[in-house]
Every structure is written in structure tokens, then in C-alpha cells.
Amino acid sequence: MSTPHTSVDVVVSWAGTTIAVERLALGEVFTVGPRGSFSCEDPSIPDLAFPLVSHTERGARLACAPGMWLSVDGRDAGVA
């Protein structure tokens, strides 16, 4: 069995410019929205603090609401 990573780095970028970076410890969650870890508003964000990335013992879990798209390591994650 592999050892879980001790942290997950979340990088938020806009048009290629990094606008936020957060390191998640095991059990932490990165949220977006008006009351999120990263405060922003967009019609695609369904909650005041939408859980975008969760760091669990099984690794990082990414969530995507309808109208959102994600990239991982600069590549389209195939979620839209």
C-alpha cells in the first residue's frame, strides 16, 4: 500500500497568471465562492463555499459543478 501525500498544492490561475496558491494538509478542503477559501463569484459556483478540492487519505478529490471546467497540471481534466 502506498503512503498518502502529506499535502496537496492547489493553484488557481486566470489566463495563465497565478492568482492564489494554497497547500492542503490531510483532511483539509479548498473551497471557492463568496465565502470560500478563494473568494469569488461566478454563475457556475452553486454554493457560498463550494468544495473544489479535498485532500483525503485516498488522495486529492476534485469536484466540478455544471458549468465549471478543471485542469490538472495545466492539462484539461476532461470535466465540463
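Mentor: Two strands pair if DSSP finds at least two bridges between them. Keep in mind that this is a predicted model.

Trainee: How many bridges join strand 5 to strand 6?
Mentor: Strand 5 covers residues 50–56, and strand 6 covers residues 59–62. The two strands run antiparallel. Pairing needs at least two bridges. The number joining strand 5 to strand 6 is four.

Trainee: Which residue in strand 6 is the bridge partner of Thr56?
Mentor: Strand 5 and strand 6 form a hairpin, with two residues between them. Thr56 has its bridge partner in strand 6, and that partner is Gly59.

Trainee: Is Phe50 buried or exposed?
Mentor: Phe50 sits in strand 5. Its contacts beyond four places in sequence include Phe30, Val32, Ile45, Ala63 and Met68. The relative accessible area of Phe50 is 10%. Buried means under 20%, so Phe50 is buried.

Trainee: What separates the C-alpha atoms of Phe50 and Pro34?
Mentor: Phe50 and Pro34 are 16 residues apart along the chain. Their C-alpha atoms are separated by 9.3 Å.

Trainee: Which strand gives the most to the lining of the largest pocket?
Mentor: The largest pocket has a volume of about 1,100 Å³. Strand 1, strand 5 and strand 7 each supply at least two residues of its lining. With seven residues, the one that gives the most is strand 1.

Trainee: How many residues of the lining of the largest pocket are nonpolar?
Mentor: The largest pocket is lined by 28 residues. Among those nearest its centre are Val12, Leu52 and Trp69. The lining has six polar residues and four charged ones. The nonpolar count is 18.

Trainee: Which residue forms a salt bridge with Asp9?
Mentor: Side chains of opposite charge can pair when their charged atoms come close. A search of the whole structure finds one salt bridge. Its closest N and O atoms are 2.6 Å apart, and the residue that pairs with Asp9 is Arg23.

Trainee: How many residues apart are Asp9 and Arg23?
Mentor: The salt bridge of Asp9 with Arg23 links distant parts of the chain. Asp9 lies in strand 1, and Arg23 lies in strand 2.

Trainee: Does Asp9 count as buried, partly exposed or exposed, and what about Arg23?
Mentor: Asp9 has a relative accessible area of 44%. Exposed means over 50% and buried under 20%, so Asp9 falls in between. Arg23 is at 55%, which is over 50%. Asp9 is therefore partly exposed, and Arg23 is exposed.

Key. Residues numbered from 1 in each chain as written. Predicted model: local features only at pLDDT ≥ 70, side-chain atom pairs only at ≥ 80, totals over all residues. Heavy atoms only, no water. Buried < 20%, exposed > 50% of the residue type's maximum accessible area, 1.4 Å probe, protein only. Contact = heavy atoms within 4.5 Å. 1 Å grid on protein atoms, 1.4 Å probe; cavity = no way out; pocket = protein on both sides within 12 Å on 5 of 7 lines; lining within 4 Å. Points joined across faces, edges and corners; volume = space filled by probe spheres on them. Nonpolar A, V, L, I, M, F, W, Y, C, P; charged D, E, K, R; others polar. Salt bridge = Lys/Arg side-chain N within 4 Å of Asp/Glu carboxyl O.
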